[in-house]
Amino acid sequence: MSAARNARGSIRSTGATGLTAVPAAVEILVEGETVTGRAGQTIAGVLLGSGRVAWRGAQHGERGVFCGIGVCHDCLVTVNDVEGVRACQREAVDGDRVEREVRE
Ligand code: FES
């Protein structure tokens, strides 16, 4: 059996085939639409993976990920009725309900 390190430094078995195991799927509900991501992804990661680049309305246009490290607040969404969640910091959990926010 062989092993490989992922981006976080974790070691994963690649097995006899050399293929790396794929993390489990997670499904979140985005504005009523089911979107599939992978365990360990942030909500922003799932949104970007689904082709969305912006999901928050602001005074000067649509926002999505800017800093990606929890500093700028451009990525805010409502998750399970909790407002002001940073999509770039919150891990996506199966069944999460994500709604866009509009802030001036
Ligand atoms: S992208 Fe800046 S806080 Fe999330």
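Biologist: Leaving aside its neighbours within four places in sequence, which residues is valine 46 in contact with?

Modeller: Leaving those neighbours aside, valine 46 is in contact with Ile28, Val35, Gly37, Gln41 and Ala92. Two residues are in contact if their C-beta atoms, placed from the backbone, lie within 7 Å. Before we go on, this is a predicted model: local features need pLDDT of at least 70, side-chain atom pairs count only at pLDDT 80 or more, and totals for chains, interfaces and linings use all residues. Residues are numbered from 1 along each chain as its sequence is written.

Biologist: Good to know. Where does valine 46 lie?

Modeller: Valine 46 lies in helix α1. Helices (H or I, at least four residues) and strands (E, at least two) are DSSP runs, numbered from the N terminus.

Biologist: And is valine 46 buried or exposed?

Modeller: Valine 46 is buried, because 23 other C-beta atoms lie within 10 Å. The cut-offs are these: a residue is buried if 20 or more other C-beta atoms lie within 10 Å of its own, exposed if 12 or fewer, and partly exposed in between, with C-beta atoms placed from the backbone.

Biologist: How far from alanine 92 is valine 46, C-alpha to C-alpha?

Modeller: Their C-alpha atoms are separated by 7.5 Å, and the two residues are 46 apart along the chain.

Biologist: Let's zoom out. How many helices and strands are there?

Modeller: The protein has 1 helix and 10 strands. Along the sequence the pattern reads β-β-β-β-α-β-β-β-β-β-β. Of its 104 residues, 22% count as buried.

Biologist: How many residues are in the largest nonpolar core?

Modeller: The largest nonpolar core has 17 residues, and those with the most contacts inside it are Ile28, Ile43, Ala44, Cys75, Val77 and Ala87. Two or more residues each come from β3 (25–30), α1 (43–49) and β7. The most come from α1, which gives 4 residues. By definition, a nonpolar core is a set of buried Ala, Val, Leu, Ile, Met, Phe, Trp, Tyr and Cys residues joined through C-beta atoms within 7 Å.

Biologist: Cys75 is in that list. What is cysteine 75 in contact with, leaving aside neighbours within four places in sequence?

Modeller: Cysteine 75 is in contact with Ala44, Arg56, Gly64, Val65, Arg86, Ala87 and Cys88.

Biologist: On to the sheets. What is the order of the 5 strands in the open sheet?

Modeller: The order is β4-β3-β9-β7-β8, with mixed pairing. At the edges are β4 (33–38) and β8, each pairing on one side only. Two strands pair if DSSP finds at least two bridges between them.

Biologist: Which way do β3 and β9 run?

Modeller: β3 and β9 (residues 97–99) run parallel, joined by 2 bridges. Leucine 29 has arginine 97 in β9 as its bridge partner. By contrast, β7 and β8 pair in the antiparallel sense over 3 bridges, and valine 77 stands opposite valine 85 in β8.

Biologist: What about the open sheet that 3 strands form?

Modeller: Its order is β6-β5-β10, again with mixed pairing. β6 and β10 (101–103) are at the edges with a single partner strand each, so one side of each is left without a neighbour in the sheet. β5 (residues 56–58) and β6 run antiparallel, joined by 3 bridges, and arginine 56 has arginine 63 in β6 as its bridge partner.

Biologist: Last topic: backbone angles. What is phi of histidine 73 near?

Modeller: Phi of histidine 73 is near 70°, a positive value in a residue other than glycine. Most residues other than glycine have a negative phi. Histidine 73 lies in the loop between β6 (61–63) and β7 (76–79), and it counts as partly exposed because it has 15 C-beta neighbours inside 10 Å.

Biologist: And aspartate 81: where is it found?

Modeller: Aspartate 81 is in the loop between β7 and β8 (82–86). Its phi is also positive, near 70°. Aspartate 81 counts as exposed, because it has 7 C-beta neighbours inside 10 Å.
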